[in-house]
Amino acid sequence: MALLTHLLACAFGTGSWVAINGLWVELPLLVRVLPEQWDLPSYITIIIQMANVGPLFVTLMHRFWPGLLKEVAVIYVVVSLGVVACLLLAFLWDQTSLIAGTPHSTAFLVLTFFLALVDCTSSVTFLPFMMQLEPQYLTTFFIGEGLSGLIPALIALGQGSGISSCVNVTRPGNATSGNTTEESLVFQMETRYLPANFSTLLFFLLMTGMMVACLVAFFFLARQPKVWELSQQQLFPSTIILSSFDQIPEDGAGSGRGGGYPCPKKTKRPMEDHLETVSHPLAKLAFIYLLIAWVSSLTNGVLPSVQSYSCLPYGNTAYHLSATLSSMANPLACIVAMFLPGRWVRSPQNHPFLERGGRKGASSPGRAGAPRCHPPVPCRSLALLGALTLAGTGFGAYNMAIAVMSPCPLLQQSQWGDVVIVLSWVLFTGTLSYVKVMAGVILRSRSHSALVWYGALEQLGSLLGALLMFPLVNIYGFFTSADYCSLHCPA
């Protein structure tokens, strides 16, 4: 039963961002077909941030009308919407229309908004829903969330999307010598794209199948036994209360998960024995949330807007590998996070930020001298998370510098340039993905609302990053595009 629940949690996690991740890995093919071309990533980025109206609506509903919005119903609606939008995208992705005299891929952009609405809303609904299950399933959910990037990336690798080669083409031309014009031959290099192994239609149909799998997995997860370990500690005085909080079991028995302490049984005050009190100093919480906002702004807003300018100067193969391999780095970071935390866990007696009975060393109010019921609480090094964030930011700074120098960046005429830019994107994604996973696991030990605010800060950071980059890319023309095969860069 536990293995089945792990599989369901993983399948549920894959539906969180599979649609948008599928768009990113398909971009090497889309940018040469759709009229936006190299600017398409910045359009997708800003559309994703516009879709933050979804999580904003959910958060405000829980804040001002707690209990009115049913969490399970919201998830059913958004996942079903994702299935329909993916299916329509498979058939309408290349339809264009004129807007102010300029062709735009209207159908693609509109359907991208609905897919982004689904994925953004999942940030403030999927994670809080996972609070109802045993904590070990949260890491499995993060692995599934990482697979939402890995599986589309593997499919894109098999598809060979956007692979091209440079071909020497001979064209007739005119040469003028004095007053005489003569016909001559002009030799020039052009980009020729190799045909994909299968169509974009099939690719988006496969994404639709993954959304259907997510919906089925959630159907069964919603019927799993619930574990309610809610913290009395709240991040802000204004508490976020979800409707699921009302379903507190009457049996006071503890969950006994993973080496935790047995809970005393009580019947008069069942809530008391299900509370998990993990207190982190406000400064440390602020640091964690600052990391979440900063990392999200880089990974979801700033750098994706310029990935085409960062990679295409080295060729379509470099862009293809950067898009797909960096997506694979996300689930690998989640798998590493699944096995490393065990070395960082301390017992509740020695946990420096753990309160027992309201204050460290105090007895539980329910039973004199007895410790309050706690599962193991992760005590991860915030200094390590900060160091990884600095490292990931460094890789991101290199990627941004290369995009600014486009179309003639460093090592443009060397194979080392291809290798370095691909590695930089993979390490950028991998290190910052690990930081986000660890921050989520830390906040899981605090409270349900802490995960809601995790999703809210994640989307806020992404929004700020996208709002910063969109005018730089599309209005001020800060970045320059060019055909890789016809570049004339100084040696």
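**Charged, aromatic and nonpolar side chains**

A: In this predicted model, Lys 436 has a relative accessibility of 14% and therefore counts as buried, since the term applies to values under 20%. The side chain of Lys 436 meets that of Glu 458 in a salt bridge, with 3.8 Å from N to O.

The chain has 491 residues, of which 54% are buried, and it contains 16 helices and six strands. Among contacts with a separation of 6 or more, 81% are between residues 24 or more positions apart.

A pair of aromatic rings is described by two quantities, the distance of the centres and the angle of the planes. The whole structure holds 15 aromatic pairs. One of them joins Tyr 76 and Phe 218 in an edge-to-face arrangement, with 4.8 Å from centre to centre and 70° between the planes. Since Tyr 76 is part of helix H5 and Phe 218 part of helix H9, this pair ties together parts that are 142 residues apart in sequence. Phe 218 is buried, because its relative accessibility is 0%, whereas Tyr 76, at 25%, is partly exposed. Another edge-to-face pair is formed by Phe 478 and Phe 479, with centres 5.4 Å apart and planes at 80°. Phe 479 counts as buried, because its relative accessibility is 6%.

Tyr 76 and Phe 218 also belong to a cluster linked by ring pairs, which includes Phe 12, Phe 126, Phe 129 and Phe 141. A ring may also meet a charge: the charged end of Arg 223 sits over the ring of Phe 219, at 3.9 Å from the ring centre.

Helix H5 covers residues 71-92 and helix H9 covers residues 200-221, and each supplies at least two residues of a nonpolar patch. This patch has an area of about 700 Å² and includes Val 84, Phe 91 and Leu 205. The largest share, five residues, comes from H5. Leu 88, another member of the patch, lies in H5. Leu 88 is partly exposed, because its relative accessibility is 39%.

Ser 308 lies in helix H12, which spans residues 307-311. With a relative accessibility of 0%, Ser 308 is therefore classed as buried. Apart from neighbours within four places in sequence, Ser 308 is in contact with Trp 38, Pro 41, Pro 313 and Tyr 319.

Definitions and conventions:
Residues are numbered from 1 along each chain as its sequence is written. Side-chain values use heavy atoms; hydrogens and water are left out. Patches are made of residues with over 30% relative accessible area and no salt bridge: like charges are joined within 9 Å, nonpolar side chains (Val, Leu, Ile, Met, Phe, Trp, Tyr) within 5 Å. Accessible areas come from the Shrake-Rupley method with a 1.4 Å probe; for residues, only the protein chains shown count as cover. A salt bridge is a side-chain nitrogen of Lys or Arg within 4 Å of a carboxyl oxygen of Asp or Glu. Helices (H or I, at least four residues) and strands (E, at least two) are DSSP runs, numbered from the N terminus. Buried means under 20% relative accessible area, exposed over 50%, partly exposed in between (1.4 Å probe, protein chains only). Rings of Phe, Tyr and Trp (its six-membered ring) pair if their centres lie within 6.5 Å; planes under 30 degrees apart count as stacked, over 60 as edge-to-face and the rest as tilted. A charge sits over a ring if NZ of Lys or CZ of Arg is within 6 Å of the ring centre and within 35 degrees of the ring normal. Contact means heavy atoms within 4.5 Å.
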